[in-house]
Amino acid sequence: MATIKLLSFQTEREIAAKAKLLQRRGVIVDATPLIKSSAAVGELAQLNPAVLVFDLDKLPSTSRVIAAQLRDSKSARHIPLLFAGGDPAKLDRVRAEQLGATFATWEEAPEVLARLLKAAPQSRVVSAQRRLPSTIETPLPRKLGVVIAATDPRQIALLAAPDGFIETLGDLPDTVTFVERLTAKTALALCFVRTPAELGATVDLLAARLPQGASAWIVHPKRHHKPAFHQDHVRDAALAVGLVDYKVCSVDNDWSALKFAHRKR
């Protein structure tokens, strides 16, 4: 069954009325708000709707920014866009930026949507070999803090990650860069450990090289893999070198993580 994503910033009552207007047989209309507008591209790419409908009756500038980000995204640019409503006198900028996009009044929207659904491209297929198993509902980049704001440069140190891990994060802003070591510019470190020896070496490295103000996830195998250590060992080892934990995360079916920072002086 096709899913239509409606992005609207109006009241719940107004959103419900517009979702009902778009509803048709064989279609699900998802009108839930985005978890975080700054990471909209990753969230929408993960949902991969048959058509994305922007409600321009309120905050058209926000819709314009998100639409521009989608068109620059390799993983989401295939999603058909329908811009509905809005003050005709204020739509020139959106039309200029979204050449070839579809615009309609709300009265025209159901008929235009039906045409878009007939012409919609096939859903994007992601190779299962390129993804780690995951049961996460919240987009992983947001859960880990890889993406905070799409406009802020952010260097991520990725240490000993399994093959294909970056692909599981989906499409990220160009401002996010990955390096394989800790530097003075590192904002966040993702450190995968598989043995007690790797755990000891990792906490020593973080204690010595993690910049003040930065944070680090120590990512370790879940208990069903029967590792030689578990979460309590990770916490104890980090505390012993002056790191304190403040967040827990289930990364996917195989990995859990604790987030650390330097103890405040």
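Visitor: Which residues does Phe 54 touch, not counting those up to four places away in sequence?

Guide: In this predicted model, Phe 54 touches Leu 7, Ser 63, Ile 66, Ala 67, Leu 70, Leu 81, Leu 82, Phe 83 and Ala 84, once residues up to four places away in sequence are set aside.

Visitor: And which residues have the most contacts inside the largest nonpolar core?

Guide: That core has 20 residues, and those with the most contacts inside it are Leu 44, Leu 52, Phe 54, Ile 66, Leu 70 and Phe 83. The elements that give two or more residues to this core are α2, β3 (51-55), α3 (60-71) and β4 (81-84), and α2 gives the most, with four residues. As background, nonpolar side chains in soluble globular proteins tend to be buried together.

Visitor: Staying with α2, where is Glu 43, and is it buried or exposed?

Guide: Glu 43 lies in helix α2, which covers residues 40-47, and it counts as buried because its relative accessibility is 14%, where the limit for buried is under 20%.

Visitor: What does the side chain of Glu 43 make a polar contact with?

Guide: The side chain of Glu 43 makes a polar contact with the side chain of Arg 142, at 3.5 Å.

Visitor: Back to the rings, then: how many aromatic pairs does the count come to?

Guide: The count comes to four aromatic pairs. One of them is formed by Phe 83 and Phe 103, which are stacked, with 4.8 Å centre to centre and 15 degrees between the planes. Phe 83 lies in strand β4 and Phe 103 in strand β5 (residues 102-104), so this pair ties together parts that are 20 residues apart in sequence. Both Phe 83 and Phe 103 are buried.

Visitor: What about Phe 165 and Phe 192, why is that pair edge-to-face?

Guide: The ring centres of Phe 165 and Phe 192 are 5.1 Å apart and their planes stand at 70 degrees, so the pair is edge-to-face. Phe 165 lies in helix α7 (residues 165-168) and Phe 192 in strand β8 (residues 186-192), so the parts tied together here are 27 residues apart in sequence. Phe 165 counts as buried at 2% relative accessibility, and Phe 192 counts as buried at 3%.

Visitor: Which residues form the aromatic cluster with Phe 54, and what lies over the face of Phe 103?

Guide: Phe 54, Phe 83 and Phe 103 form one aromatic cluster, and Arg 95 lies over the face of Phe 103, at 4.3 Å from the ring centre.

Visitor: Changing topic to the backbone, what is phi of Leu 59, and where is that residue?

Guide: Phi of Leu 59 is near 50 degrees, a positive value in a residue other than glycine, and Leu 59 has its place in the loop between β3 and α3. Most residues other than glycine have a negative phi. Leu 59 counts as partly exposed, at 40% relative accessibility.

Visitor: And Lys 226, what is its phi?

Guide: Phi of Lys 226 is near 55 degrees, again a positive value in a residue other than glycine. Lys 226 lies in the loop between β9 (215-221) and α9 (231-240), and it is exposed, with a relative accessible area of 74%.

Visitor: Last one, on the whole protein: how many helices and strands?

Guide: The secondary structure comes to nine helices and 11 strands, and buried residues make up 45% of the 265 residues. Among contacts between residues at least 6 apart in sequence, 70% join residues at least 24 apart. The protein exposes about 14300 Å², of which carbon and sulfur atoms supply 52%.

Methods:
Residues are numbered from 1 along each chain as its sequence is written. This is a predicted model: local features need pLDDT of at least 70, side-chain atom pairs count only at pLDDT 80 or more; totals for chains, interfaces and linings use all residues. Side-chain values use heavy atoms; hydrogens and water are left out. Buried means under 20% relative accessible area, exposed over 50%, partly exposed in between (1.4 Å probe, protein chains only). A polar contact is a pair of N or O atoms within 3.5 Å; within protein, one must be able to donate a hydrogen and the other to accept it, and residues adjacent in sequence count only if both atoms are side-chain atoms. Contact means heavy atoms within 4.5 Å. Accessible areas come from the Shrake-Rupley method with a 1.4 Å probe; for residues, only the protein chains shown count as cover. A nonpolar core is a set of buried Ala, Val, Leu, Ile, Met, Phe, Trp, Tyr and Cys residues joined through side-chain atoms within 4.5 Å. Rings of Phe, Tyr and Trp (its six-membered ring) pair if their centres lie within 6.5 Å; planes under 30 degrees apart count as stacked, over 60 as edge-to-face and the rest as tilted. A charge sits over a ring if NZ of Lys or CZ of Arg is within 6 Å of the ring centre and within 35 degrees of the ring normal.
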